[in-house]
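I opened a new structure today and kept notes as I went. Here is what I looked up, in order.

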Amino acid sequence: MNYMADEAKTLLVPRMSLPEEAGGLPLAMAEAGVPWHSVDCQPWAEAFPYKPQVRFRIAHSGSHILLHYWVSEHVVRAMAEADGGPVWEDSCCEFFIQPMGSPYYYNIECNCAGTLLIGVGQGRAGRTAAPRSVLSQVRRSSSLGSGQLTPRAISQPWELSLIIPAEALFRHAVTTFSGKRFRANFYKCGDRLPRPHFLSWQPISLPKPDFHCPAFFGTLGFE
């Protein structure tokens with residue numbers, strides 16, 4: 001059966017100066033007036049009723065995508081040992097992006113300790129993982145620091161900042177984001193948390209959790 005989005009969201013991505021370090025991104029975005037957006041769709045609420053509070057800000061510098069996540073949840077986990085590991089099992093924020101007109105989309109997934117996974121493909125199966133040389137170019141900063149975190153209760157929100165170069169879209173020759181349009185969705189998950197959850201920015205109408213569904217992507221328009 002084919003599923004399609006009923007109504008896709010559109011988001012304008014403002015341009016701003018590129019901070020030197022990911023840790024400076026929250027303040028730079030606040031000073032630039034970059035707006036917040038919510039990851040508050042709960043497509044599978046009956047099976048997974050827990051709903052953390054999640055929001056994000058997105059901007060670009062021309063050559064880089066700038067992402068800042070803010071998450072309030074009861075328990076955090078970061079057990080993926082290294083980049084390329086199963087970060088979706090942890091407290092994880094995800095950004096899927098697809099160049100207009102291309103059948104290929106990227107999954108850019110990062111846990112609450114800054115451990116990163118990037119892949120590209122036309123669907124869930126047969127994806128190509130980003131090489132280490134690409135992963136190392138993505139600058140990251142987490143309010144929880146780096147390294148593994150066993151599951152633990154948390155009373156304060158955590159934040160994650162990513163500076164993603166155009167080279168991260170390694171199957172495509174993207175040289176600038178300025179004036180371009182992409183299809184995308186944003187997610188929050190935690191497959192192996194005590195209270196698993198699956199949230200999205202753009203609604204998804206599928207019978208069970210699946211983020212690899214470009215038919216439900218919204219649109220990003222880069223200034």
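This is a predicted model: local features need pLDDT of at least 70, side-chain atom pairs count only at pLDDT 80 or more; totals for chains, interfaces and linings use all residues.

**Entry 1: around the helix H1**

Next I went back into H1 itself, residues 25-32, and asked which of its residues are buried. I found Leu25, Pro26 and Met29 buried there. They span an arc of only 100° around the axis, so they sit on the same side of H1. Leu27 and Glu31, on the other side of H1, are exposed.

What covers the buried residues of H1? I noted strand S3 (53-60), strand S4 (64-72) and strand S12 (158-165) among the things that do.

**Entry 2**

S3 and S4 make a hairpin with three residues between them, and glycine 62 in the turn has a positive phi of about 100°. The two strands pair antiparallel over eight bridges. I looked across from arginine 55 and found tryptophan 70 of S4 opposite.

S4 also runs antiparallel to S12, and eight bridges join them. In this pairing I saw isoleucine 65 opposite isoleucine 164 in S12. Is S4 mostly covered or mostly open? It is mostly covered, since I can list eight of its nine residues as buried.

**Entry 3: aromatic rings**

I searched the whole structure for aromatic pairs and got 17. I took phenylalanine 48 and phenylalanine 198 to begin with: their ring centres are 4.8 Å apart and their planes stand at 75°, so I wrote the pair down as edge-to-face. Phenylalanine 48 is in the loop between strand S2 (37-38) and S3, while phenylalanine 198 is in strand S14 (residues 198-200), so the pair ties together parts 150 residues apart in sequence.

How covered are these two? Phenylalanine 48 has a relative accessible area of 23%, which makes it partly exposed. Phenylalanine 198 comes out at 12%, so I count it as buried.

I then checked phenylalanine 182 and phenylalanine 222, whose ring centres are 5.5 Å apart with planes at 75°, so this pair is edge-to-face too. This one links distant parts of the chain as well: phenylalanine 182 belongs to strand S13 (residues 181-189) and phenylalanine 222 to strand S15 (residues 218-222), 40 residues apart. Both phenylalanine 182 and phenylalanine 222 are buried.

Which residues form one aromatic cluster? My list reads Trp44, Phe48, Phe96, Tyr105, Tyr187, Phe198, Phe211 and Phe217.

**Entry 4: charges over rings**

One member of that cluster, Tyr105, turned up again here. The charged end of arginine 127 sits over the ring of tyrosine 105, 4.2 Å from its centre. I found arginine 171 over the face of tyrosine 104, at 3.7 Å from the ring centre.

**Entry 5: stepping back**

I finished with the whole protein, and counted two helices and 15 strands. Its C-alpha atoms fill a box of roughly 45 × 40 × 35 Å along the principal axes. For 223 residues, I would expect a compact globule to have a radius of gyration near 17 Å, and the protein's 16 Å agrees with that.

How much of the protein is buried? I noted 52% of the 223 residues.

Notes:
Residues are numbered from 1 along each chain as its sequence is written. Side-chain values use heavy atoms; hydrogens and water are left out. Buried means under 20% relative accessible area, exposed over 50%, partly exposed in between (1.4 Å probe, protein chains only). Helices (H or I, at least four residues) and strands (E, at least two) are DSSP runs, numbered from the N terminus. The arc is that of the directions from the helix axis to the C-beta atoms. Contact means heavy atoms within 4.5 Å. Rings of Phe, Tyr and Trp (its six-membered ring) pair if their centres lie within 6.5 Å; planes under 30 degrees apart count as stacked, over 60 as edge-to-face and the rest as tilted. A charge sits over a ring if NZ of Lys or CZ of Arg is within 6 Å of the ring centre and within 35 degrees of the ring normal. Two strands pair if DSSP finds at least two bridges between them. The radius of gyration is taken over C-alpha atoms; the globule rule is 2.2 Å times the number of residues to the power 0.38.
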